[in-house]
Structure formats: structure tokens, C-alpha cells
Amino acid sequence: GRQVIVSVPNFGHWKNRLYLGLRGRMPVTKKLTYQWYETPNIHFCTIVDFIDLCREMQLNIVRQMVIDESGRSRDFHGRSAIANLSGTHGVFLIEK
């Protein structure tokens, strides 16, 4: 296909930041259930990290959404600090 949908867990979410800041350890939550050394994921990132990676790889983000803790989604534009703090996941429609 010409487009792909990518979903990334957001380590920039405020609860992850608080957990890390107060406990000094990588978070284990309902959404991120693995210890950092057991995760099937290769790389953890924030929504802003993923947007920057797409730019570096010259990929066009056609649409970007953030999903909050309640499972609600909303579109956002640019490198939104609010989306990075409030979203547990980012969902992106990208193309070359």
C-alpha cells in the first residue's frame, strides 16, 4: 500500500513522567505491562520523538491522533506538547 497506520505507546504521557520522576524507574502500568528488560518492543519513544523520526526519514504524516486514558481519540497538529503530555498512545497515518 501507499499508506500505513502506526500506533506508538507514548512515554511522554504525564503519568509515565511522574512515575519515572518519583520512583526513578521505568514505568509498569496497565498499558505498559512489561518490565523494561522484558518488553517485546524494541524502542520506546514519545509522540514528539516519533514525529521527529518521520521528518528525518522524509515521511509525510497525513493524519495524527492522540488517544487518552479513557480511549478517546482526537486529532492534533504539529509537535503538540499537550498531545505528548495527555496521550497514552499516538496514532499516525503516514506515507512516503
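Glu 69 counts as partly exposed, since its relative accessibility is 40%, where partly exposed lies between buried (under 20% relative accessible area) and exposed (over 50%), found with a 1.4 Å probe and protein chains only. The side chain of Glu 69 meets that of Lys 15 in a salt bridge, with 2.6 Å from N to O; the term stands for a side-chain nitrogen of Lys or Arg within 4 Å of a carboxyl oxygen of Asp or Glu. Because Glu 69 lies in the loop between strand E2 (60–67) and strand E3 (73–75) while Lys 15 lies in helix H1, this pair ties together parts that are 54 residues apart in sequence.

The model is predicted, so local features need pLDDT of at least 70 and side-chain atom pairs count only at pLDDT 80 or more, whereas totals for chains, interfaces and linings use all residues. Residues are numbered from 1 along each chain as its sequence is written, and side-chain values use heavy atoms, with hydrogens and water left out.

By the salt-bridge rule the count comes to four, and the table gives some of them.

| Salt bridge | N to O distance |
|---|---|
| Glu 69 and Lys 15 | 2.6 Å |
| Arg 63 and Asp 75 | 3.1 Å |
| Arg 72 and Asp 68 | 3.1 Å |

The secondary structure of the chain comes to three helices and four strands, which are DSSP runs numbered from the N terminus (helices H or I, at least four residues; strands E, at least two). From the N terminus on, these elements run β-α-α-β-β-α-β.

The largest nonpolar core has twelve residues, among them Val 8, Ile 47, Phe 76 and Ala 83; such a core is a set of buried Ala, Val, Leu, Ile, Met, Phe, Trp, Tyr and Cys residues joined through side-chain atoms within 4.5 Å. Helix H2 (47–56) and strand E4 (89–95) are the elements that give two or more residues to this core, and its largest share, four residues, comes from H2.

On the surface, Trp 14, Leu 18, Leu 22 and Leu 85 form a nonpolar patch with about 410 Å² of accessible area together. Patches of this kind join nonpolar side chains (Val, Leu, Ile, Met, Phe, Trp, Tyr) within 5 Å, from residues with over 30% relative accessible area and no salt bridge, while like charges are joined within 9 Å; the areas come from the Shrake-Rupley method with a 1.4 Å probe, and for residues only the protein chains shown count as cover. Helix H1 (residues 14–23) gives the most to the patch, with three residues.
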